[in-house]
Amino acid sequence: MSAFHRIYRIAANTFLEAVRQRFFTFIVLIALALVCSVTYFRRFDFGSSELKFITDFGTGAIVFFGSILSIVMMAQLFFNEIENRTALTILAKPVHRWEFLAGKFTGVAWLMGVFMLLMAVVLGGVLYLRENELMQKLPQAFEAGRIVQYDGLFLYAFTQWLKYCVLMSITLFISSFSNTNLFSVVMSFMMLIICQVQYVALDSWRAIESPFVSALVWLLSKLFPNFQMYNLAMETIFPTKGVAWGLCGEVTLYSIVYVLLFFGLAVFSFRRREI
Amino acid sequence: MASERIKPWIERGKTFCVAFVALLVCGIITSPLVDRVWPRVRATQPELNLIDLQDALGQGILVGAFGGFRSLIADIVWIAGNADWEKSDRPKVETMIKLANTLDPTNSFFWRNGARILAYDIPVWRLREAKLDTDDRKGEAALTIRREQAERAIALLDTVIARDPNNAWPLVEKAQIYNLVLKNPEMAAKYFKEAAERPNAPYFAARIYAELLIKLDHKREAYAYLRKLYDDLPKEDKFAARDIVYERLRALEEELKIPEAERYHGAPPPDVVIEKPGAASAPPPADTDHSK
């Protein structure tokens with residue numbers, strides 16, 4: 001059996017185990033309910049374009065619940081194997097440690113792929129129905145055709161999935177040396193917040209007068225990935241100059257680099273871990 | 001024994017050092033890519049300034065804001081702030097205005113109403129708090145309060161103008177504050193003129209500019225401006241109010257005693273009854289015409 005097959009088997013098992021978890025079902029149902037109920041939340045809208053408000057709300061649900069899901073599922077599925085001692089059984093067979101990690105990562109990545117696809121289809125459906133209603137009510141506003149780019153919506157979902165992959169690889173790295181699930185989850189959420197506000201360091205280090213503080217802020221801007229780079233909803237779903245395929249390609253490259261890096265670090269850290 | 005206890009920590013220290021170096025190298029390697037992508041992504045999203053969000057720390061707003069529910073959270077912040085507005089709670093209302101505009105700076109509802117609250121409502125609250133008598137309300141202390149609040153409103157509008165320089169509406173709001181609160185017709189005229197030059201300008205911006213020119217005793221300039229304006233206004237749009245502009249032109253011609261040969265000879269709007277010289281109706285007050 002090749003390494004690919006071994007990783008595939010572990011990934012398939014991880015995916016099945018994840019789908020059966022109540023937490024996954026619970027989060028998916030809440031996220032879907034939120035996206036479907038967006039028409040109710042329109043009452044709170046004070047003047048944003050209606051389709052943009054729906055998109056903002058839907059992408060908010062995707063980002064918020066997706067982040068929770070990717071961190072918690074990655075940590076939980078990893079520690080399940082450690083705490084139940086099934087990792088010992090797996091690693092006693094001719095399975096390398098990196099294959100075990102790759103299998104776990106791939107399984108959760110599939111899970112997040114399914115989550116993203118489901119959310120994108122539902123959000124797309126809500127947007128499509130509302131846009132049709134608006135087209136009938138206000139035909140003059142749609143003289144140039146549809147406003148929402150549905151292929152862009154799926155492209156956006158793909159870039160968010162890439163972000164989750166980076167987040168999962170960070171969680172995997174933290175889990176590879178931490179002793180408890182809780183520590184991994186808390187640390188991963190902290191990393192998520194740091195990566196979300198990393199842009200402040202990126203934007204401001206040049207403007208700081210003190211050379212020492214400036215160097216420190218520069219260092220921070222280089223140490224963590226910038227998760228604000230994935231805020232591509234407007235560029236992909238409501239593009240002014242066509243869907244930004246090139247931009248998404250560059251973001252994909254950025255994500256691949258960080259996934260490989262954090263996965264490599266997880267393998268390095270896990271290689272001598274006592275299980 | 002001791003070394004056995006230390007061993008895991010040495011391993012963790014090694015992992016930490018390797019991770020630090022690897023992340024730094026990766027950050028430097030990806031710098032050219034980030035430098036290409038980040039400015040483009042940055043340009044498409046509203047400015048999210050952490051300093052402006054500091055009042056919201058600990059309220060779960062930050063998590064939501066970074067989670068992507070910015071529009072919804074901004075709306076909820078505004079709704080919650082209305083209760084503070086009813087109680088004339090100045091610090092909380094100002095925080096609400098700042099927060100809502102930080103979270104969703106593209107929503108005109110927030111900056112327009114925020115600027116109006118800052119410039120028109122809060123001075124009244126502050127005068128009440130200061131327990132000034134009716135006579136004192138026109139004194140220096142009252143003027144200082146009104147000026148301070150107007151400056152805050154203008155600062156808010158300036159951020160909107162900087163972000164969206166082609167939008168006429170923040171310029172109109174700014175001009176109104178100069179006109180109504182700061183009683184500065186020169187500055188009001190300047191911003192009404194700038195607003196009138198924007199593609200989405202309301203028709204009244206140009207008319208008020210002309211009225212302010214008249215108020216400033218630049219009647220010749222106002223006349224020339226109105227002549228050009230009348231020619232440029234669309235005939236089919238009733239909101240353009242060509243009849244008002246035409247009447248004002250005629251009134252100015254009488255007032256300035258412009259010779260017959262130099263007067264405007266364009267066609268009058270269809271529904272205008274040409275009155276006898278000197279009987280043209282007075283223009284509407286500059287600060288009450290808010291219709292487009």
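pLDDT is the predictor's confidence in each residue, from 0 to 100. Keep that in mind on this tour, since what you have open is a predicted model, where local features need pLDDT of at least 70, side-chain atom pairs count only at pLDDT 80 or more, and totals for chains, interfaces and linings use all residues. Residues are numbered from 1 along each chain as its sequence is written, while chains are lettered from A and ligands numbered from 1 in the order in which they are written.

**Stop 1: chain B as a whole.** Colour chain B by confidence: its mean pLDDT is 82, and 82% of its residues reach 70 or more. Now select residues 273-292 of chain B, where the pLDDT is below 50. Beyond near neighbours in sequence, this stretch has 27 contacts in the model (two residues are in contact if their C-beta atoms, placed from the backbone, lie within 7 Å). Where pLDDT is low, the predicted coordinates should not be read in detail. For the model as a whole, the scores are ipTM 0.86 and pTM 0.76.

Switch to a cartoon view. Chain B has 12 helices and 0 strands; helices (H or I, at least four residues) and strands (E, at least two) are DSSP runs, numbered from the N terminus. Of the 292 residues in chain B, 34% are buried. Here, buried means that 20 or more other C-beta atoms lie within 10 Å of a residue's own, exposed means 12 or fewer, and partly exposed is in between, with C-beta atoms placed from the backbone.

Stop 2: Pick out helix 5, residues 90-103 of chain B. Its 14 residues reach 20 Å from first C-alpha to last, close to the 20 Å expected at 1.5 Å a residue (the expected span is 1.5 Å times one less than the number of residues). Its buried residues include B:V93, B:M96 and B:L103.

Next, go to B:A241, in the loop between helix 11 (219-232) and helix 12 (242-255) of chain B. Its phi is near 50 degrees, a positive value in a residue other than glycine. Is B:A241 buried or exposed? B:A241 is buried, with 20 other C-beta atoms within 10 Å.

**Stop 3: over to chain A.** For another positive phi, select A:R85, at near 65 degrees. A:R85 sits in the loop between helix 4 and helix 5 (86-92) of chain A, and is exposed, with 9 other C-beta atoms within 10 Å.

Then follow helix 8 of chain A, residues 181-204. Its end C-alpha atoms are 35 Å apart, which agrees with the 34 Å that its 24 residues should span at 1.5 Å a residue. Look for a kink of about 40 degrees centred on A:V197; the bend at a residue is the angle between axes fitted to the seven residues ending there and the seven starting there. Among the buried residues of this helix are A:S188, A:M191, A:L192 and A:C195.

**Stop 4: where the chains meet.** Show both chains: 39 residues of chain A are in contact with 36 residues of chain B. On the chain A side, helix 11 gives the largest share, 11 residues.

**Stop 5: the core.** Finally, select A:V108, A:M119, A:L172, A:F262, B:F192, B:A205 and B:Y209. These have the most contacts inside the largest nonpolar core, which has 144 residues (a nonpolar core is a set of buried Ala, Val, Leu, Ile, Met, Phe, Trp, Tyr and Cys residues joined through C-beta atoms within 7 Å). Helix 4 of chain A gives the most to this core, with 17 residues. Which residues is A:M119 in contact with, leaving aside its neighbours within four places in sequence? They are A:A31, A:V35, A:I62 and A:A157.
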